[in-house]
Amino acid sequence: MQFISFMEDALAEARLAADAGEVPVGAVVVKDGQIIGRGRNGTRAGCDPSAHAEILAIRDACAALGVDRLVGCDLYVTLEPCAMCAGAIAHARIARLYYGARDAKSGGVSVGARVFERTQSHHAPEVYDGIGAQEAAALLTSFFEEKRA
């Protein structure tokens, strides 16, 4: 079976987030080679601190399938998930997590909390990092440079 990355779709969601003035992070959930959920950061627009791209993509996918667990699904996200999102990924039983840029400040997977390594974690997905990392990091850097200018 040939690996097909859906990171470009997650990057498209991140660009839409940036266009809306949100931190440019995007995510997609994939099952059997089809995107079943999409999300992009929406904390400001929704006045909702939990409206991270991963959470919104998971909600969208669960609604599409009519389930509360995403067994056998993959999540592509442009930035390393924070601890909150890593917890949601574990609870959703995502099979594989693919993320782009590492988040040295708020990461919850490879740096910081390392949620999936905790004995309290309900589930630990397979994790693959660095996919689309340069473009994801460039989107974030550009966004914050414009905010500071």
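Predicted model: local features only at pLDDT ≥ 70, side-chain atom pairs only at ≥ 80, totals over all residues.

1. Pocket size and centre. The volume of the largest pocket comes to about 450 Å³. Its lining consists of 21 residues. Those that lie nearest the centre of the pocket are V23, L79, D103, L140 and F144.

2. Pocket lining. Sorted by class, the residues around the largest pocket are 10 nonpolar, 5 polar and 6 charged. Which helix gives the most to this lining? Helix α4, spanning residues 133–148, does so, with 6 residues.

3. Helix α4 against helix α1. Helix α4 also packs with helix α1, which covers residues 7–19. The angle between the two is about 5 degrees, and their axes are 10 Å apart. Because of that angle, α1 counts as roughly parallel to α4.

4. Residues between α1 and α4. On the α1 side the contact is made by E8, L11, A14, R15 and A18. Their partners in α4 are E135, A136, L139 and F143. This contact has 6 nonpolar and 3 charged residues, with no polar ones.

5. Helix α2 against helix α3. The second pair joins α2 (residues 53–65) and α3 (residues 83–92), packed at an angle of about 25 degrees with axes 9 Å apart. The angle falls under 35 degrees, so α2 is roughly parallel to α3. Is the crossing of α2 and α3 left-handed or right-handed? The crossing of these helices is left-handed.

6. Residues between α2 and α3. From α2, the residues in contact are E54, I55 and I58. They meet M84, C85, A88, I89 and A92 in α3. By class, the α2–α3 contact holds 7 nonpolar residues, no polar residue and 1 charged residue.

Technical notes: Residues numbered from 1 in each chain as written. Heavy atoms only, no water. 1 Å grid on protein atoms, 1.4 Å probe; cavity = no way out; pocket = protein on both sides within 12 Å on 5 of 7 lines; lining within 4 Å. Points joined across faces, edges and corners; volume = space filled by probe spheres on them. Helix = DSSP H or I, 4+ residues; strand = E, 2+ residues; numbered from the N terminus. Nonpolar A, V, L, I, M, F, W, Y, C, P; charged D, E, K, R; others polar. Axes fitted to C-alpha atoms, helices over the stretch in contact; angles between N-to-C directions. Parallel < 35°, antiparallel > 145°, perpendicular 65-115°, else oblique. Left-handed = near helix turned anticlockwise from the far one by under 90°. Contact = heavy atoms within 4.5 Å.
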